[in-house]
Amino acid sequence: MDKKPELATLGVRAGQARTQFHEHSEALFLTSSFVFDNAQQAASRFKGGEEGMVYSRFTNPTVSMFQDRLAALEGAESCVATASGMAAILATAMVHLKGGDHVVCSNAVFGATIQLFSGILARFGVETTFVSPTRTADWERASKKNTKLFFLETPSNPLTEISDIAALSAVAKRAGALLAVDNVFCTPVLQRPLELGADLVIHSATKYLDGQGRVLGGAVVGAKALVADPLIPFLRTAGPSLSPFNAWVLLKGLETLELRMLAQSAAALELARWLESNKQVKKVFYPGLPSHPQHELAKRQQRAAGSVVSFEVKGGRAAAWRLIDATRLMSITANLGDVKTTIIHPASTTHGRISQEARDAAGIGEGLVRVAVGLEAVADLEADLERGLA
Ligand SMILES: Cc1ncc(COP(=O)(O)O)c(C=O)c1O
């Protein structure tokens, strides 16, 4: 039997479909529709009787190459790309839930995900119970007869809490629910949720899959019966599809994904250790540090600890803002997953819309700063933070 290609090889090679011109780099099919040989062929393509491209809302060769490459990286049968990460979560909910269903969701997921479940989907009769990402027993307690979906993100943002995917997959199976894992922070390079028992993997491709902060994109990955079979007809009807241009940029991003994830994780670990030794820093949240409460679980579940490091400075908001304002290299922006390091104050930005009590309960203090480490030299990042910590 042929040797199975490794992740590095799949990232560069999987999914490429050459045209008759034998181009070396993947072709960008910037076209909204495809031409048929005759009326008969048009009719059978529309009916689905004959395979082939029809219209880029649901069929495009560049988008297919991106989907096939990401599916290979996640070790999945099927992948469907969407216009953004939020579109991937919405599409998943629309095909797997209906009014009267119940969802159990981690209370430490991306803010828009919380709004989607507690606001928009609630209006359509889907009820969601939010629970701790780390207390597995709470998920069992929150499950009901009509629970259809478990949804989580690990590590969480910004406190890098780790959920036990294998344990939660067992709870989800007992509850008769699907387990969906938002794998944005790890990507398949660091964590492969399907191998740990998850049913669906969700991506905001906008983050590490692109890696250079250029385009929006999303994806849902898993078995064909749960992904392509329901989602392609959904995209065809509802339209939150990935543009071929964005798919092409993302394909190029996947080629360097493994290198970037490993290098950015190594740099983040070095920066986290440096921060932990600084007297002005009260606490560092990074799964790669032995001081992290789920350090052992992270070591089992992930290949490396990722690029997001959060830390609490002494002196609350004033000190945190002073530190951020003293940086000259880091970009003050909420995005992450970029080769350019970003820095943000969660309590007044990404988590500013939730109440003070909710922030306190979640442990998002006024002195908390989140850094998403890129590819600059760590010594330069330390110097950039040192200025505000002095
Ligand atoms: C973990 C996570 N999931 C989903 C999203 C949403 O992705 P997008 O911005 O591509 O819609 C984000 C965006 O920041 C995110 O961080």
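Guide: Helices and strands here are DSSP runs, numbered from the N terminus. The model is predicted.

Visitor: Between which strand and which helix does Ser163 lie?

Guide: Ser163 is in a loop. The elements on either side of that loop are strand E4 (147-153) and helix H7 (165-175).

Visitor: Is Ser163 buried or exposed, and what is its relative accessible area?

Guide: Buried means under 20% relative accessible area. Ser163 is buried, because its relative accessible area is 0%.

Visitor: Which backbone oxygen does the side chain of Ser163 reach?

Guide: Contacts of Ser163 beyond four places in sequence include Leu152, Leu168, Leu297 and Pro133. At 2.8 Å, the side chain of Ser163 reaches the backbone oxygen of Pro133.

Visitor: At what angle do helix H4 and helix H5 pack?

Guide: Helix H4 covers residues 85-96 and helix H5 residues 111-123. Their crossing is right-handed. The axes are 10 Å apart, and the angle is about 35°.

Visitor: How many residues of the contact of H4 with H5 are nonpolar, polar and charged?

Guide: From H4, Met86, Ile89, Leu90, Ala93 and Met94 take part, meeting Ala112, Thr113, Leu116, Phe117 and Leu121 of H5. The residues of this contact divide into nine nonpolar, one polar and no charged.

Notes
Residues are numbered from 1 along each chain as its sequence is written. This is a predicted model: local features need pLDDT of at least 70, side-chain atom pairs count only at pLDDT 80 or more; totals for chains, interfaces and linings use all residues. Side-chain values use heavy atoms; hydrogens and water are left out. Helices (H or I, at least four residues) and strands (E, at least two) are DSSP runs, numbered from the N terminus. Buried means under 20% relative accessible area, exposed over 50%, partly exposed in between (1.4 Å probe, protein chains only). A polar contact is a pair of N or O atoms within 3.5 Å; within protein, one must be able to donate a hydrogen and the other to accept it, and residues adjacent in sequence count only if both atoms are side-chain atoms. Contact means heavy atoms within 4.5 Å. Axes are lines fitted to C-alpha atoms, for helices over the stretch in contact, and angles run from 0 to 180 degrees between N-to-C directions. A crossing is left-handed if the near helix is turned anticlockwise from the far one by less than a right angle, and right-handed if clockwise. Ala, Val, Leu, Ile, Met, Phe, Trp, Tyr, Cys and Pro count as nonpolar, Asp, Glu, Lys and Arg as charged, and the others, Gly among them, as polar.
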